[in-house]
Amino acid sequence: MTLDHVQAETFHARRGALKNAFTYGVDFVLTDFSDAHPRLISRNRFNLWSLWDRHHGGRRGQGHGLAWFRGVLAARGMPLRGTQLLLLTQPSFLWFHFNPVSFWIALRDGQPCAFVAEVNNTFGGRHCYFCAHEDFRPIRKSDQLTANKLMHVSPFQRVEGLYRFNFHLSESDVSIRIAYENGSQGVLATLKGRRSPATSAGLLHAALRRPLGAARVLALIHWQAAILAVKRAPFLRKQPAPKVLVSDSSNFAKARQ
């Protein structure tokens, strides 16, 4: 069973003439969706913290959990035998759920060989970016995988340009870097934290230290949006999410052609 608590720090910095940057703490869990949990976190059941299959793996609110991720991997030819499948996500807090991004991760011999960045915006949209090397060899921390940006995330950034992903997961820590680039504009986002087995004491401490969980994250997103509005950043109208739910990283898509 894998259920780790990742007390992480996320950093965001805007690229371009108009500068803005912030750092805040956030709580993630790394799970294989087994049913054995500490008392304060549950699967598909209300609790202080909870994980719900319907929130992940598929259309937003209509998820199928690990079964969806297995299907994504199988459709792209990745061998599933001997592969460990995990989800890195912010759990629901009480009744509230929102995740800017979660990561589905496929491990072989303890090393990530593929991942899906499951991106959600505040307008109800979702798009998933599948990233892997063409031969599914291990993804090293220094490896950079790129994907075209296809979904409206921020009203202050266009649906153009690309993402550059650096991904690292070890037995002790998580380190993810996402650089969005569109000419001289863009955003740098990082997520870093230490892994430790989830315990009720640790989860209670997280609830007291960073109260309201995902609701707090959503409030911080809107607070930063207000700061950009005050700085008179150009505001763009919402665009619908792409009809296709999953797109492949540039290298992988090219290899499949």
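Guide: Let's begin with one word: buried means under 20% relative accessible area, exposed means over 50%, and partly exposed is in between (1.4 Å probe, protein chains only). What you see is a predicted model, in which local features need pLDDT of at least 70, side-chain atom pairs count only at pLDDT 80 or more, and totals for chains, interfaces and linings use all residues. Residues are numbered from 1 along each chain as its sequence is written, and side-chain values use heavy atoms, with hydrogens and water left out.

Visitor: Is Glu118 buried or exposed, and how do you know that?

Guide: Glu118 has 0% relative accessibility. The cut-off for buried is under 20%, so Glu118 counts as buried.

Visitor: What makes you list particular residues as being in contact with Glu118?

Guide: Contact means heavy atoms within 4.5 Å. Setting aside neighbours within four places in sequence, Glu118 meets that rule with His55, His56, Gly57, Gly58, Pro100, Val101, Ser102, Trp104, Arg126, His127 and Cys128. Glu118 sits in strand S8 (residues 111-120); strands (E, at least two residues) and helices (H or I, at least four) are DSSP runs, numbered from the N terminus.

Visitor: And Ser247: buried or exposed, and why?

Guide: Its relative accessible area is 13%, so Ser247 is buried too. Ser247 belongs to strand S14 and, beyond four places in sequence, touches His127, Cys128, Tyr129, Phe130 and Leu150.

Visitor: How do you know which strands form the sheet, and in what order?

Guide: Two strands pair if DSSP finds at least two bridges between them. Here 11 strands make an open sheet with mixed pairing, in the order S10-S11-S12-S13-S1-S2-S5-S7-S8-S9-S14.

Visitor: Why are S10 and S14 called edge strands?

Guide: S10 (145-148) and S14 (246-248) each pair on one side only.

Visitor: How do you know that S12 and S13 pair?

Guide: Residues 173-182 (S12) and 185-197 (S13) are joined by 10 bridges in the antiparallel sense. The rule asks for at least two bridges, so S12 and S13 count as a pair. Within that pair, Ser175 stands opposite Lys192 in S13.

Visitor: What makes an empty space a cavity or a pocket?

Guide: Rolling a probe the size of a water molecule over the atoms shows where empty space is left. On a 1 Å grid over the protein atoms alone, a cavity is a set of points where a 1.4 Å probe fits but cannot get out, while a pocket is an open set with protein on both sides within 12 Å along at least five of seven lines; lining residues have an atom within 4 Å of a point. Grid points are joined across faces, edges and corners, and the volume is the space filled by probe spheres set on the points.

Visitor: How many cavities of 30 Å³ or more come out of this?

Guide: The count is 1. The largest cavity holds about 70 Å³, and its lining includes Val26, Trp49 and Arg216. H3 gives the most to this lining, with 3 residues.

Visitor: Which residues are closest to the centre of the largest pocket?

Guide: That pocket holds about 1,100 Å³. Of its 42 lining residues, His12, Pro100, Val153, Ser154 and Val187 are the closest to the centre. H3 again gives the most to the lining, here with 6 residues.

Visitor: What makes a lining residue nonpolar, polar or charged?

Guide: Ala, Val, Leu, Ile, Met, Phe, Trp, Tyr, Cys and Pro count as nonpolar, Asp, Glu, Lys and Arg as charged, and the others, Gly among them, as polar. By that rule, the pocket lining has 28 nonpolar, 12 polar and 2 charged residues.
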